[in-house]
Amino acid sequence: MTTKQITGEFTVTLAPIEGYAHGQQGVNLGRMSIDKQFTGSLTATSQGEMLSAMTPTQGSAGYVAIEQVIGELEGKKGSFVLQHFGTMDKGQDSLILKVVPDSGTDELAGLTGSMAIRIEQGIHHYDFKYSL
């Protein structure tokens, strides 16, 4: 199985949605909808949800998210699910995005991989390392 790396751009729209828990003692718990449009070697849309926790300490927060990506990956049609795990520790961020095992469908069945996100001059970029 060959590992490939692709890169491209995406746009993202986040919108608050009603959540069950709201946080106490200075912690703000949030829930957001995610809508993305990917361009480049991954031509796809995604929808998902994010849960976040903002602490009273400036620059310290965490989030988890799940999004299903549907479209074409280098010409192969199908979908897959990305799982996010992100933290910020006084401004130092750590972000892990992985393909959920066995979430690939159609021509993307068996997909594994991880994605990095970069924001440069206000533009979101993805670097997707995957095997199929």
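Predicted model: local features only at pLDDT ≥ 70, side-chain atom pairs only at ≥ 80, totals over all residues.

Q: What makes β1 and β2 a strand pair?
A: 9 bridges join β1 to β2, which run antiparallel. Two strands pair if DSSP finds at least two bridges between them, and strands here are DSSP runs (E, at least two residues) numbered from the N terminus. So with 9 bridges, β1 and β2 count as a pair.

Residues are numbered from 1 along each chain as its sequence is written, and side-chain values use heavy atoms, with hydrogens and water left out.

Q: How do you know that β4 and β5 pair?
A: They run antiparallel and are joined by 13 bridges, and the rule asks for at least two, so they pair. Alanine 65 stands opposite histidine 84 in β5. The two strands form a hairpin with 2 residues between them, and glutamate 74 in the turn has a positive phi of about 45 degrees.

Q: What makes β5 and β6 a pair?
A: 8 bridges join these antiparallel strands, and at least two are needed, so they qualify. Glycine 86 stands opposite leucine 95 in β6. Here too there is a hairpin with 2 residues between the strands, and lysine 90 in the turn has a positive phi of about 50 degrees.

Q: Which strands make up the closed barrel?
A: The 8 strands run β1-β2-β3-β4-β5-β6-β7-β8, with antiparallel pairing.

Key
Helix = DSSP H or I, 4+ residues; strand = E, 2+ residues; numbered from the N terminus.
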